[in-house]
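Biologist: I have a protein model to look at. Can you take me through its cavities and its charged pairs?

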Amino acid sequence: VEQAANNKAVRYANKLDKKYKSAMKEIDTKINSWYARIAKNNEITVSEARKLLSNSELNEFKWTVKEYIEAGQQNAIDQRWMKELENASAKFHINRLEALKLECRQQIEVALANGQQNMFDTLSNVYKDSFYQSCFEVQKGFGVGFDVSKLDNSQVSKLLNKPWSIDGENFSSKLWTNKTKLINTLDQELSKMVMTGATPKKAIKNIQQAMNTSLSNAKRLVLTEQAYFTTLGQKDAFGELDIEEFEIVATLDSKTSEMCQGMDGQHFPIKDMQ
C-alpha cells in the first residue's frame with residue numbers, strides 16, 4: 001500500500017522535473033537572445049536596458065504576450081499573472097528590461113501552472129487509495145468482508161487542506177511560498193545583471209541554482225505530504241474496521257534511525273497513532 005502511494009508521488013515529482021528543466025532552458029535562451037540584441041562592447045548599460053521598445057519591438061512584444069495569454073488559458077495559469085500580462089500588453093511604453101522579466105516570468109508560470117490542483121489531485125488519490133486498499137488488505141487477511149463507508153469528497157478536501165506540519169502551513173501555502181521566492185530571485189538577478197553591466201553567464205547560473213532549489217523543495221514537499229496522507233488513510237481505515245491496536249514494523253538497516261529501530265515490533269492503540 002505504501003509503495004503504491006510512493007510511486008504516485010514519484011511520478012508527480014518526475015513531471016515537475018521535466019517542467020522545471022524546460023522552463024530553465026527557455027529562460028537561458030531568452031536572456032542570451034536579449035543580451036545579444038542590445039549588448040555593446042560586451043556590456044549592457046542601465047540606460048540601454050531601460051530604453052523603451054521601438055514600435056516594431058513593441059508590436060513584436062505584444063504578439064508574444066498574446067501567445068502567452070493563450071497559453072495561460074490552455075494551462076490554467078494563475079489568474080493574477082494573466083491580469084499582469086493583459087496590463088503589459090495594453091501599455092504604450094515598456095522598456096527592454098521589463099520585457100525580458102515578463103518573458104522569463106512566463107516560463108516559470110507555465111512550469112508551475114495548476115501546481116496546487118495537480119498536487120491536490122495526487123494527494124487525494126493517495127489518501128483514498130490508502131484507505132480503501134488498507135481496508136481490503138485487512139479483510140483479505142481475515143478472509144471476511146466488511147461494509148466500508150464510502151469516502152465523502154468534501155471531507156477528503158477538508159483533510160487535505162488542513163495544516164498538519166509543525167509550521168502550521170498546508171501544502172498549498174508552501175507551494176505559493178516556493179514559487180514567490182523563485183520569482184523574486186529571477187527579478188533580482190536580472191536587475192543585478194543590468195546594474196553591474198555583467199554578462200548573462202552569472203545571472204543564468206544563479207537563476208539555475210534557484211530553480212534547482214525550488215524543484216528540490218517541491219519534490220520534498222510532495223513526498224512528505226504523500227507519506228503523511230498515506231498513513232492517515234491507513235489510520236482512518238483501521239478506525240473504520242474497529243481495529244484497536246497497530247504494530248510498528250521498521251526496516252532494520254543502516255538508513256533506519258535509532259528511534260524507528262527501537263520502535264520495531266511495539267504495539268500501540270489506534271487512538272494514539274501519529
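This is a predicted model: local features need pLDDT of at least 70, side-chain atom pairs count only at pLDDT 80 or more; totals for chains, interfaces and linings use all residues.

Biologist: Which element gives the largest share of the lining of the largest cavity?

Modeller: The largest cavity has a volume of about 40 Å³. Its lining includes V1, A4, K8, V126 and Q133. Two elements give two or more residues to that lining, α1 (2-38) and α6 (115-142). The largest share, 4 residues, comes from α6.

Biologist: How many residues of the lining of the largest cavity are nonpolar?

Modeller: The lining has 2 polar and 2 charged residues. The nonpolar residues in the lining number 4.

Biologist: How many residues apart in sequence are the parts that E57 and R96 tie together?

Modeller: The side chains of E57 and R96 meet in a salt bridge, 3.6 Å from N to O. E57 lies in helix α3 (residues 55-75) and R96 in helix α5 (residues 96-111), so the pair ties together parts whose separation in sequence is 39 residues.

Biologist: Is R80 buried or exposed?

Modeller: R80 forms a salt bridge with D78, with the closest N and O atoms 3.2 Å apart. D78 has a relative accessible area of 18%, so it is buried. For R80 the value is 54%, and exposed means over 50%. So R80 counts as exposed.

Biologist: What is the relative accessible area of E109?

Modeller: E109 and R105 both lie in helix α5, about one turn apart. Their side chains meet in a salt bridge at 2.8 Å, N to O. R105 counts as buried at 18%. E109 is buried too, with a relative accessible area of 2%.

Technical notes:
Residues are numbered from 1 along each chain as its sequence is written. Side-chain values use heavy atoms; hydrogens and water are left out. On a 1 Å grid over the protein atoms alone, a cavity is a set of points where a 1.4 Å probe fits but cannot get out, and a pocket is an open set with protein on both sides within 12 Å along at least five of seven lines; lining residues have an atom within 4 Å of a point. Grid points are joined across faces, edges and corners, and a volume is the space filled by probe spheres set on the points. Ala, Val, Leu, Ile, Met, Phe, Trp, Tyr, Cys and Pro count as nonpolar, Asp, Glu, Lys and Arg as charged, and the others, Gly among them, as polar. A salt bridge is a side-chain nitrogen of Lys or Arg within 4 Å of a carboxyl oxygen of Asp or Glu. Buried means under 20% relative accessible area, exposed over 50%, partly exposed in between (1.4 Å probe, protein chains only).
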